[in-house]
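Here is a short briefing for a reader who is new to this structure. Please look over the sequence and the model, then read on by topic.

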Amino acid sequence: MNAYNANTLRNRAVLTQVDQWHRAALLTDAQREAIRAGYPSDFRETNFITEVGLFAFTLIVGGGGFMLFGELFEPGSNIGWFLLVYGIGAIGAAEWLIHRHRYYRNGIDNALIILGIVFVLYGLFSEFWPDSTFWQRCLLAGAVLGLAVIRYGDPLLMIGLLGVLYGLVFERLLDTSAGQNAWPFVGMGLSAGVYWLSQRLQSEPKARPTAHPSRLRLTETNQVYFSDALIHADWFSLIALLVCGNYFVAQGGETFALFGLPKTGDSNPLLRVLFWLTTFGIPLLYGFFGLRNRNRTLLILTCFGMAGAVQTAHYYGALLPQSVHWAVTGAVLVLASGLLIRWLRTPRYGFTDTPDDARPDWMNLAEALTVNQIANNQAQPPDLRFGGGSTGGGGAGGQ
């Protein structure tokens with residue numbers, strides 16, 4: 001089911017980690033080249049800037065090609081079949097580039113896949129299901145995007161899948177008066193569930209008795225394949241949890257009015273207190289676990305969450321004019337950032353301002369030992385697993 005070669009993708013991940021070790025002077029040039037020979041990767045990739053440019057260019061060309069051929073149809077005619085054929089052709093072109101030319105998310109293949117899925121869905125809706133409702137379209141789109149995520153492991157497709165999921169849940173809730181008041185709680189619960197599931201899938205396999213097999217855990221190879229998609233799922237769910245727990249959003253005042261939706265807030269003072277607690281409490285909770293687990297994602301979202309909480313408090317009870325508020329807040333943040341960068345030039349309590357080149361979670365003891373043996377031109381070690389053997393410490397270069 002995987003479009004990209006899983007073994008090559010694993011080799012690519014190993015080489016990425018080896019390059020980090022080499023930059024940290026943990027490997028010599030000769031050791032690095034020996035490892036690269038032992039873990040070949042023939043993917044055609046580009047740097048980030050080129051990838052973004054190719055992605056945008058492909059979207060423009062693909063969309064322009066559709067508009068050009070669309071001129072062949074009479075106005076008002078049903079072009080559903082053309083949309084389907086065009087979308088399937090775009091996906092086929094991406095598959096050809098992936099398998100024949102070894103493209104790996106270099107901008108062109110990503111864009112063709114996304115274009116193809118959009119056109120296929122649009123063609124299905126216009127040709128076979130023109131009278132479908134929003135939630136019905138969400139179900140079909142979710143099924144198609146789910147299969148696409150399994151095949152390509154693309155983070156943008158994962159974001160689209162989660163967006164469809166949240167859209168389906170919220171549309172169903174906002175159709176009822178009870179749901180209009182309950183949606184913030186449902187949204188927070190849904191976000192917590194998505195984050196838990198993503199973390200569970202990313203957790204390292206552990207030795208368990210055969211009578212109690214591990215559930216909801218990916219194999220190490222699949223963890224590498226879906227790592228980018230699951231990381232984006234983490235970000236999406238954590239941001240959604242912040243948004244759903246924010247007092248301004250939960251009240252649904254002016255924000256919902258922009259979309260013609262009813263105000264969802266409740267005049268119950270206990271609920272107002274609860275939403276104020278979640279507005280500040282969720283970012284503080286992120287900060288606590290971010291510091292405890294040294295989790296960069298949680299620490300970054302703590303800053304954004306607290307900024308949103310302070311702005312929400314200013315909106316409902318401004319003590320300063322808006323311009324003064326922004327000026328003071330910006331000055332405090334710049335000063336705090338400068339002091340923190342200066343303070344963390346020397347590592348303190350496990351935190352530092354230098355780039356983090358920690359080993360990825362998927363690299364187990366056997367993989368680290370294999371890299372170590374190849375770097376020192378030694379024989380291939382036995383196939384060790386977590387919990388097996390008596391060897392300790394996967395060396396990073398044998399220095």
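## Arg 105 and its partner

Arg 105 and Asp 228 form a salt bridge, with their closest N and O atoms 2.8 Å apart. The link spans distant parts of the chain: Arg 105 is in the loop between α4 and α5, Asp 228 is in helix α10 (residues 227-245), and 123 residues separate them. The model is predicted.

- Arg 105 counts as buried, because its relative accessibility is 9%, and buried means under 20%.
- Asp 228, by contrast, is partly exposed, with a relative accessible area of 31%.
- The phi of Arg 105 is positive, at about 45 degrees, although the residue is not a glycine.
- Arg 105 is also one of the residues in contact with Tyr 152.

## The rest of the loop between α4 and α5

- Arg 102 is found in this loop too, between α4 and α5.
- Arg 102 has a positive phi of about 60 degrees, and it is not a glycine either.
- The relative accessible area of Arg 102 is 21%, so the residue is partly exposed.
- Asn 106 lies in the loop as well, between α4 (80-100) and α5 (108-127).
- Is Asn 106 buried or exposed? Asn 106 is buried, with a relative accessible area of 4%.
- Neighbours within four places in sequence aside, Asn 106 is in contact with Arg 44, Glu 45, Thr 46, Glu 51 and Leu 54.

## Other salt bridges

- How many salt bridges does the structure hold? The structure holds seven salt bridges.
- One of them pairs Glu 45 with Arg 12, the closest N and O atoms being 2.9 Å apart.
- Glu 45 sits in the loop between α2 (29-38) and α3 (48-70) and Arg 12 in helix α1 (residues 6-23), so this pair ties together parts that are 33 residues apart in sequence.
- Glu 45 is partly exposed, at 37% relative accessible area.
- Arg 12 is also partly exposed, at 24%.
- Asp 19 forms a salt bridge with Arg 36, and here the closest N and O atoms are 3.6 Å apart.
- Asp 19 belongs to helix α1 and Arg 36 to helix α2, so the pair ties together parts that are 17 residues apart in sequence.
- Arg 36 is partly exposed, with a relative accessible area of 33%.

## Nonpolar cores

- The largest nonpolar core has 53 residues.
- Which residues have the most contacts inside this core? They are Tyr 4, Ile 113, Ile 117, Tyr 152, Leu 157, Trp 183 and Tyr 286.
- Another core lies apart from the largest one and has seven residues, among them Val 14, Leu 15, Leu 27 and Ile 35.
- Tyr 152 is in contact with Ala 3, Tyr 4, Ile 91, Glu 95, Ile 98, Arg 105, Ile 113, Leu 157 and Tyr 225, leaving aside its neighbours within four places in sequence.

## Nonpolar surface patch

- Leu 319, Leu 320, Val 324, Val 328 and Val 332 form a nonpolar patch on the surface.
- Together these residues have about 470 Å² of accessible area.
- Where is Leu 320 placed? Leu 320 is in the loop between α14 (296-316) and α15 (322-343).
- Leu 320 is partly exposed, with a relative accessible area of 41%.

## Cysteines

- The structure holds zero disulfides.
- A disulfide is a covalent bond between the sulfur atoms of two cysteines.
- Cys 138 counts as buried, at 9% relative accessibility.
- Cys 244 is buried, with a relative accessible area of 4%.

## Thr 219

- Thr 219 has its place in the loop between α8 (177-202) and α9 (220-225).
- Thr 219 is partly exposed, with a relative accessible area of 46%.
- Thr 219 and Ser 203 are 16 residues apart along the chain, and their C-alpha atoms are separated by 9.6 Å.

Technical notes:
Residues numbered from 1 in each chain as written. Predicted model: local features only at pLDDT ≥ 70, side-chain atom pairs only at ≥ 80, totals over all residues. Heavy atoms only, no water. Helix = DSSP H or I, 4+ residues; strand = E, 2+ residues; numbered from the N terminus. Buried < 20%, exposed > 50% of the residue type's maximum accessible area, 1.4 Å probe, protein only. Contact = heavy atoms within 4.5 Å. Patch = residues over 30% accessible without salt bridge, like charges linked within 9 Å, V, L, I, M, F, W, Y side chains within 5 Å. Areas by Shrake-Rupley, 256 points an atom, 1.4 Å probe, with all protein chains shown as cover. Salt bridge = Lys/Arg side-chain N within 4 Å of Asp/Glu carboxyl O. Disulfide = S-S within 2.5 Å. Core = buried A, V, L, I, M, F, W, Y, C linked by side-chain atoms within 4.5 Å.
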